[in-house]
Every structure is written in structure tokens, then in C-alpha cells.
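Thanks for making time this morning.

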Amino acid sequence: QFAGRYGWLFYGDILATAVNSRGEVADLGDAPGVTRYDGIRSRGMPSFILNVANIGVRAAFLDDFIFTVSVNLTPRSGGHFALGDTFDLDLAQLEWMPTADQRISIFAGKMESLIGVEYRSRRSPQRFNITPSLIGRYTMGTPLGVKARAKFFKGDFLTIAVAFTNGSSTTEMFHFYDEIDSNAGKTFTGRLSLKPFGLFEVTPLGLSLVA
């Protein structure tokens with residue numbers, strides 16, 4: 001029923017067979033007339049792969065400010081006399097804690113997403129060898145903008161966070177990512193989470209509006 005309507009048709013999730021926490025697959029196959037990054041491209045063969053070399057800097061000053069930078073270096077195969085190695089700036093954020101108890105934080109820069117909880121342990125040195133979940137594969141990006149987070153009650157029972165960012169919080173390789181915004185609107189993301197007894201976390205409300 002699709003004959004003559006489209007130049008090509010793909011069934012399924014092209015990133016479903018991720019082999020590392022970056023969401024990369026072993027081989028994307030032949031490109032269907034579009035430009036895309038196929039970093040590993042092992043042709044289905046077993047291969048040694050250095051997933052990523054992460055360089056992180058975390059500096060605190062004046063007791064109220066924390067500056068964080070995270071850069072990923074990815075060694076990959078080149079082709080046609082060009083190098084295949086790449087790097088990406090994963091985080092570059094400034095956190096300000098204006099209150100004495102430091103339970104309110106205001107962030108600016110390239111920062112963590114508000115979606116889910118998996119983003120907290122997605123990078124080195126926590127558990128960078130684990131492949132992401134289905135939702136994490138697309139929503140664990142680091143958007144550019146501003147964010148505010150406040151924690152309330154004993155054991156951080158209630159956490160409220162809001163963010164205004166360029167584009168969405170998806171990963172950079174996904175279609176909806178737009179780090180340098182191409183329109184005048186901004187994306188609003190809100191999150192409310194509960195941590196009863198300090199044992200587990202429940203997120204009864206998560207909202208993202210893209211303008």
C-alpha cells in the first residue's frame with residue numbers, strides 16, 4: 001500500500017539494537033539516501049570497541065557555585081582518507097545554590113534532562129557500560145537553557161523541577177533535538193517526584209511542552 005508514495009520505507013526502530021549506553025548500534029546498514037552517522041559500522045562482525053573516553057571537570061567555588069564540564073571522546077573508524085574519531089560536549093553547566101541549606105539549585109548551560117531517572121547514571125564512571133532503556137535511548141539528551149530544582153521535607157521527599165530550553169531534551173542523534181534553536185519558541189519541561197521513606201522514587205507528573 002506504500003508503493004509509489006515514498007522513496008523508502010523503514011519498519012521498526014533503527015536504534016533498537018544499541019550496544020552501548022551512547023545508544024549506538026553495531027551497524028545501521030546502507031543509508032537510504034540520507035546523511036547519518038554510523039560510527040561503529042562493524043558489518044555484523046565481532047569487534048573490539050572502545051566505547052568512549054570521558055573527561056570530566058567539576059569545580060566548586062564560593063560554596064554556592066558548581067561548574068561541571070563533561071566531554072566524550074569516541075574513537076571510530078575513518079574512511080575515504082578522513083578520520084572517524086569524534087568528540088561531543090556532554091555537559092557544560094553552572095549550578096547556583098542560593099539558599100543556606102543548598103536545597104534549591106538554579107542551572108544554566110548545557111545540562112541534564114528532567115525526563116526519568118536513568119540520566120543520573122548514564123555516564124562514566126557510574127555505569128557507562130550499560131545500554132539504555134527504550135525511553136532513555138531517546139530522552140537522555142542534554143538540552144541548552146536554564147533549569148531550577150527545589151527539594152522539600154526530610155530525605156528529599158518532594159522534588160520539583162522546571163526547565164526552559166532550546167528544542168527538546170532528546171538525544172542529539174534523534175530528529176527532534178535542536179540545540180541551537182531554529183525558532184523563537186522554547187521548550188518548557190516540568191517534573192514532580194516523590195521519594196517515600198527514602199527507598200524509591202515515584203514521578204506522578206512529568207510534562208514537556210515544545211513551542
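Let me begin with how elements are assigned: helices (H or I, at least four residues) and strands (E, at least two) are DSSP runs, and they are numbered from the N terminus.

Two remarks on the source. This is a predicted model, in which local features need pLDDT of at least 70 and side-chain atom pairs count only at pLDDT 80 or more, while totals for chains, interfaces and linings use all residues. Residues are numbered from 1 along each chain as its sequence is written, and side-chain values use heavy atoms, with hydrogens and water left out.

As for confidence, pLDDT is the predictor's own confidence in each residue, on a scale from 0 to 100. The protein chain averages 82, and 86% of the residues score at least 70. Confidence is highest in strand β4 (residues 104-110), with a mean of 96, and lowest in strand β8 (residues 202-209), with a mean of 68. Where pLDDT is low, the predicted coordinates should not be read in detail.

Now to burial and contacts. I call a residue buried under 20% relative accessible area, exposed over 50%, and partly exposed in between, using a 1.4 Å probe and protein chains only. Of the 211 residues in the protein chain, 34% are buried. A contact means heavy atoms within 4.5 Å, and among contacts with a separation of 6 or more, 47% join residues 24 or more positions apart.

Which residues does Thr68 touch, once those up to four places away in sequence are not counted? Thr68 belongs to strand β2 (residues 65-74) and touches Val57, Arg58, Leu91, Ala92 and Gln93. Its relative accessibility is 13%, so Thr68 counts as buried.

Asp27, by contrast, is partly exposed, at 25%, and sits in the segment before β1 (53-61). Beyond its neighbours within four places in sequence, Asp27 contacts Asp38, Arg41, Ser42, Arg43 and Gly44. With Arg43 there is a polar atom of the Asp27 side chain 2.8 Å from the backbone nitrogen.

Let me turn to the aromatic residues. Rings of Phe, Tyr and Trp (its six-membered ring) pair if their centres lie within 6.5 Å, and planes under 30 degrees apart count as stacked, over 60 as edge-to-face and the rest as tilted. The whole structure holds five aromatic pairs. In one of them, Phe153 and Phe157 have ring centres 6.4 Å apart and planes at 65°, so this pair is edge-to-face; Phe153 is exposed, at 55%, and Phe157 is partly exposed, at 34%. Phe164 and Phe188 have ring centres 5.3 Å apart and planes at 50°, so they are tilted. Because Phe164 lies in strand β6 (residues 158-165) and Phe188 in strand β7 (residues 187-194), that pair ties together parts 24 residues apart in sequence. Both are partly exposed, Phe164 at 46% and Phe188 at 25%. There is also a cluster formed by Phe61, Phe65 and Trp96.

One last item concerns a charge over a ring, which requires NZ of Lys or CZ of Arg within 6 Å of the ring centre and within 35 degrees of the ring normal. The charged end of Lys147 sits over the ring of Phe107, at 4.5 Å from its centre.

Technical notes:
Polar contact = N/O pair within 3.5 Å; in protein donor to acceptor, adjacent residues only side chain to side chain.
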